[in-house]
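Please consult the sequence and the 3D structure while reading.

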Amino acid sequence: MLESATCPAHFKWLYGGINFTFEGNGGPECAAYLSPFHRVVETLIVLTASVIEIVWAYKRISSTDKSRLTPVGRDVVRMSDGQQVNGKLKSTYSSHTERSDFKMFLLVLVTVVFGIEIGYKFATDSLIYLLNPCHILTFSLIYLLAVNENKPSKKVTGVFRVHLHLLSGALLAILLPVVNTRHLSFEKYSYWLHHVLIYIIPGYLLSLGGPYTAEPLSDPWWPMLSIGTGFFYHFTILQGLALASHANLNNMLCPAMSDPFEGLFYRMWAFGHQHLLISFHAKLYQSISYMVTKVCCNFLAFLKKHCCNIQNFFIGSILHSSHQLEKQD
């Protein structure tokens, strides 16, 4: 790989292995795609709008009824109910254990997949790419999988709701993939597995309830807070590091080769369409997740019912046959 021309020796591990010959990967030409004046004007516009959105949304969320912000652990309620009904406690504990085991399995799976991604970044001296939004989402997903779902927490609920709204980025990474820079063995497969996991697992967390709850569909403030936070992160940390390293972090220097809005105003196009996409996508994701959960629960109940009927039929047949044999004897 070609090293970055401006990479100091002590930062080689961070971005020294990025190959600027690949389109959209970065480099001096990519950094010069927008003039300094154009970049400053766009940055001032976006940061001003982002700060207003964050402050306004935070104030409205803080003034919301506490009962809508403080989650109740669903399993805690079930466990207390189980103590009042014979046999309920045992079945609830079994259900809780199964969910905890599966949640732990997902935690291990995501951690292993993300560890492989980090390994690829170390191998290619491009660790700076871990600051891209999808990797930040992976950090927050690992945190969400690791916390206790039965312990009410405003912090966990807040992180989960922001995480839920920023999942549209993972969807775009799946629909408009950029894999032309991945050449190591299984590196492209790691890309797909990583993004699919961080996209579908929050839907499972929604089904658990407790701190993993979404705001009402009519609530616009959590989308606004998430949008403002996302763009503030892009135009401060990502853009600053991208300009310093010439690494095209999440396309802050120049558009991706798959960007349909390529042009001088591609970032302002993104600022506009991401407001619509993030708001609409999170509400749609929430609705579809609840529908899928309901269908799965009904299907499992159907299987359980019919399996029990089949089991009872075979047991009855065996008992009847045994009874007939006893009569013959």
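The side chains of Glu117 and Arg182 form a salt bridge, with N and O 3.0 Å apart; a salt bridge is a side-chain nitrogen of Lys or Arg within 4 Å of a carboxyl oxygen of Asp or Glu. This pair connects distant parts of the chain: Glu117 belongs to helix H6, Arg182 to the loop between helix H9 (168-175) and helix H10 (187-208), and 65 residues separate them. Helices here are DSSP runs (H or I, at least four residues), strands are runs of E (at least two), and both are numbered from the N terminus. This is a predicted model, in which local features need pLDDT of at least 70 and side-chain atom pairs count only at pLDDT 80 or more, while totals for chains, interfaces and linings use all residues. Residues are numbered from 1 along each chain as its sequence is written, and side-chain values use heavy atoms, with hydrogens and water left out.

**Salt bridges**

Side chains of opposite charge can pair when their charged atoms come close. How many salt bridges does a search of the whole structure find? The search finds five, and the table lists some of them.

| Salt bridge | N to O distance |
|---|---|
| Glu117 and Arg182 | 3.0 Å |
| Asp125 and Lys12 | 2.7 Å |
| Lys283 and Glu215 | 2.6 Å |

The bridge between Asp125 and Lys12 also links distant parts of the chain, with Asp125 in the loop between H6 and H7 and Lys12 in helix H1 (residues 12-15), 113 residues apart. Lys283 pairs with Glu215. Because Lys283 lies in helix H12 (residues 266-328) and Glu215 in the loop between H10 and helix H11 (221-245), the pair ties together parts that are 68 residues apart in sequence. Salt bridges with shared partners also join Glu117, Lys121 and Arg182 into one network.

Arg182 is buried at 9%, and Asp125 counts as buried at 19%. Lys12, at 31%, is partly exposed. Both Lys283 and Glu215 are buried. By contrast, Ala123, which is found in helix H6 (residues 88-123), is exposed at 55%.

**Helices and their packing**

The chain comes to 12 helices and zero strands. Of its 329 residues, 42% count as buried. Among the buried residues of H3 are His38, Arg39 and Glu42.

Two packed helices are described by the angle between their axes and the distance between the axes. Helix H7 (residues 133-146) and helix H8 (residues 154-165) pack at about 140 degrees, with axes 10 Å apart. These axes are lines fitted to C-alpha atoms over the stretch in contact, and angles run from 0 to 180 degrees between N-to-C directions. Which residues of H7 meet H8? Leu137, Ser140, Leu141, Tyr143 and Leu144 meet Lys155, Val156, Val159, Phe160 and His163 in H8, where contact means heavy atoms within 4.5 Å.

Terms used:
Buried means under 20% relative accessible area, exposed over 50%, partly exposed in between (1.4 Å probe, protein chains only).
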